[in-house]
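This briefing covers the core, the sheet, the helix packing and the aromatic pairs of one predicted model. The points are grouped by topic.

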Amino acid sequence: MSQENVEVWRSQIEEFRRSASEVDPEAAVSTMVEIWAPEMEWDMSEAEMPDIAGVYKGIEACRQLWQNWFATWETLQFEYELVDAGDRAVMLVDLRLRGRFSGVEVPFGKHAFVARFRDGLMVHAKLHMSQSEALKAAGLRE
């Protein structure tokens, strides 16, 4: 099941990338929600931006988190790698953003998400500002 989880996430990410050159917050979130379980939880407590730091529980809270995030940015450019970790998957990301209103380019940099899946749906994801810490949290080595 683990490789299937990676492929489910990869498919969602690639669909998101196709529509993310100019970010449409509603379209971006709609793509993400397709793979979330009803009890989805996003743990963004490590976020360095206080406006998104916290833990979001349930689809509506998670949807609001990501709609607010995407509304801030005009463009998102990122490279990623997905790593299989059993019932979890790790997304290693290098992200660059441009502010929707300021036009300022922001190198968010390298970070990672560790996601847990059940029955082909994502039930939990946690942001790690360190890729090596994310790999350790998933029981993998860097």
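The largest nonpolar core has 39 residues, and Trp9, Trp36, Trp42, Trp66 and Met122 touch the most other members. A nonpolar core here is a set of buried Ala, Val, Leu, Ile, Met, Phe, Trp, Tyr and Cys residues joined through side-chain atoms within 4.5 Å; buried means under 20% relative accessible area, exposed over 50% and partly exposed in between, with a 1.4 Å probe and protein chains only. The model is predicted, so local features need pLDDT of at least 70 and side-chain atom pairs count only at pLDDT 80 or more, while totals for chains, interfaces and linings use all residues. Residues are numbered from 1 along each chain as its sequence is written, and side-chain values use heavy atoms, with hydrogens and water left out.

- A second, separate core has nine residues, including Val83, Ala85, Leu92 and Leu135.
- Trp9 is in contact (heavy atoms within 4.5 Å) with Ile35, Leu82, Ala89, Val90, Met91, Phe113, Ala115, Phe117 and Met122, leaving aside neighbours within four places in sequence.
- Met91 is found in strand β4 and counts as buried because its relative accessibility is 10%.
- With neighbours within four places in sequence again left aside, the contacts of Met91 are Trp9, Ile13, Tyr80, Glu81, Leu82, His111, Ala112 and Phe113.
- Met91 and Trp66 are 25 residues apart in sequence, and their C-alpha atoms are 17 Å apart in space.

**Sheet**

- Six strands make an open sheet of mixed pairing, in the order β2-β1-β6-β5-β4-β3. Two strands pair if DSSP finds at least two bridges between them.
- The edges are β2 (55-57) and β3; each has a single partner strand, so one side of each is left without a neighbour in the sheet.
- On average, neighbouring strands of this sheet are turned by 20° against each other, direction ignored. Axes are lines fitted to C-alpha atoms, for helices over the stretch in contact, and angles run from 0 to 180 degrees between N-to-C directions.
- β3 and β4 run antiparallel and are joined by twelve bridges. Phe78 has Leu95 in β4 as its bridge partner, and Glu81 stands opposite Leu92 in β4.
- The hairpin of β3 and β4 has two residues between the strands, and Gly86 takes a positive phi near 75° there.
- β4 and β5 pair in the antiparallel sense over eleven bridges, with Asp94 opposite Lys110 in β5.
- Five residues lie between β4 and β5 in their hairpin, where Gly103 in the turn has a positive phi of about 75°.
- Seven bridges connect β5 and β6 in the antiparallel sense; the bridge partner of Phe113 is Leu127 in β6.
- Asp119 lies in the loop between β5 and β6. Asp119 has a positive phi of about 55° although it is not a glycine, and it counts as exposed because its relative accessibility is 68%.

**Helix α3**

- α3 lies across β1, β2, β3, β4 and β5, and runs at about 55° to β1.
- The 14 residues of α3 should span 20 Å at 1.5 Å a residue, and the end C-alpha atoms are 20 Å apart, which agrees. The expected span is 1.5 Å times one less than the number of residues.
- Cys62, Arg63, Leu65, Trp66, Gln67, Trp69 and Phe70 are buried in α3.

**Aromatic pairs**

- The whole structure holds nine aromatic pairs. Rings of Phe, Tyr and Trp (its six-membered ring) pair if their centres lie within 6.5 Å; planes under 30 degrees apart count as stacked, over 60 as edge-to-face and the rest as tilted.
- The ring centres of Trp42 and Trp66 are 5.0 Å apart and the planes are at 70°, so this pair is edge-to-face.
- The pair links distant parts of the chain, with Trp42 in strand β1 and Trp66 in helix α3, 24 residues apart. Trp42 and Trp66 are both buried.
- One aromatic cluster is formed by Trp36, Trp42, Trp66, Phe70 and Phe113.

Methods. Helix = DSSP H or I, 4+ residues; strand = E, 2+ residues; numbered from the N terminus.
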